[in-house]
Amino acid sequence: MDVPMKKSRQRQAILQCVLSHHDHPTAEIVYQEVRESYPNISLGTVYRNLSLLCRIGKIRRIVHDDHTDRYDGILCPHSHFICLSCGDLQDVDFHLDENCFSTFCHDFDGEPTEYAVIFRGYCRDCQKKSSSLRVASTAGDII
């Protein structure tokens, strides 16, 4: 969606920051990184530009389980995984079968335009830590 707007070096830096991340940065992370090149930029400017970039379809906003907004530069449909322990948010190569979305659209009284799939569970690192703690706890109980 191309909307004519005044060019802004700060907005371009914000967009490039989001596009360079694959860990879905928060506005605060974007602010800290962009501030290295634009020390006078305000957090409010970052929030306004992130919102604008979402509205015009350059990036996507993901509302994380911890109630923070995360930003994603990958616009093609993809899924996410959120770790229930550490909060890590990862891209997942999983797509709904087109038949599933079509069936939903057919049966729904409205016009869905997109979908999001979010898996929740424990990432590999947290799962290993949890397993180690269980083993240590079990071993510690034996006298």
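There are 0 disulfides here, and keep in mind that this is a predicted model. A disulfide is a covalent bond between the sulfur atoms of two cysteines.

**Cysteines**
- C100 doesn't pair up because its sulfur sits 9.6 Å from the closest cysteine sulfur, in C105, too far for a bond.
- C100 is partly exposed, with a relative accessible area of 42%.
- C126 is in no disulfide either: the nearest cysteine sulfur belongs to C123 and is 3.6 Å away, while the cut-off for a pair is 2.5 Å.
- With a relative accessible area of 10%, C126 counts as buried.

**Helix α3**
- This helix covers residues 43–55, and at 1.5 Å a residue its 13 residues should span 18 Å. The C-alpha atoms at its ends are 18 Å apart, so the two values agree.
- On the buried side of the list you'll find T45, V46, N49, L50, L52, L53 and C54.
- Those buried residues of α3 are covered by elements including the helices α1 (9–20) and α2 (27–35), plus the strands β1 (60–63) and β2 (69–72).
- After α3 comes G57, which has a positive phi, near 80 degrees.

**Cavity**
- The count comes to 1 cavity of 30 Å³ or more, and the largest cavity has a volume of about 30 Å³.
- Its lining is made up of H21, H22, H24, Y71, D72, G73, I74 and D91.
- By type, the lining residues of the largest cavity split into 2 nonpolar, 4 polar and 2 charged.

Notes:
Residues are numbered from 1 along each chain as its sequence is written. This is a predicted model: local features need pLDDT of at least 70, side-chain atom pairs count only at pLDDT 80 or more; totals for chains, interfaces and linings use all residues. Side-chain values use heavy atoms; hydrogens and water are left out. On a 1 Å grid over the protein atoms alone, a cavity is a set of points where a 1.4 Å probe fits but cannot get out, and a pocket is an open set with protein on both sides within 12 Å along at least five of seven lines; lining residues have an atom within 4 Å of a point. Grid points are joined across faces, edges and corners, and a volume is the space filled by probe spheres set on the points. Ala, Val, Leu, Ile, Met, Phe, Trp, Tyr, Cys and Pro count as nonpolar, Asp, Glu, Lys and Arg as charged, and the others, Gly among them, as polar. Buried means under 20% relative accessible area, exposed over 50%, partly exposed in between (1.4 Å probe, protein chains only). Helices (H or I, at least four residues) and strands (E, at least two) are DSSP runs, numbered from the N terminus. The expected span of a helix is 1.5 Å times one less than its number of residues. Contact means heavy atoms within 4.5 Å.
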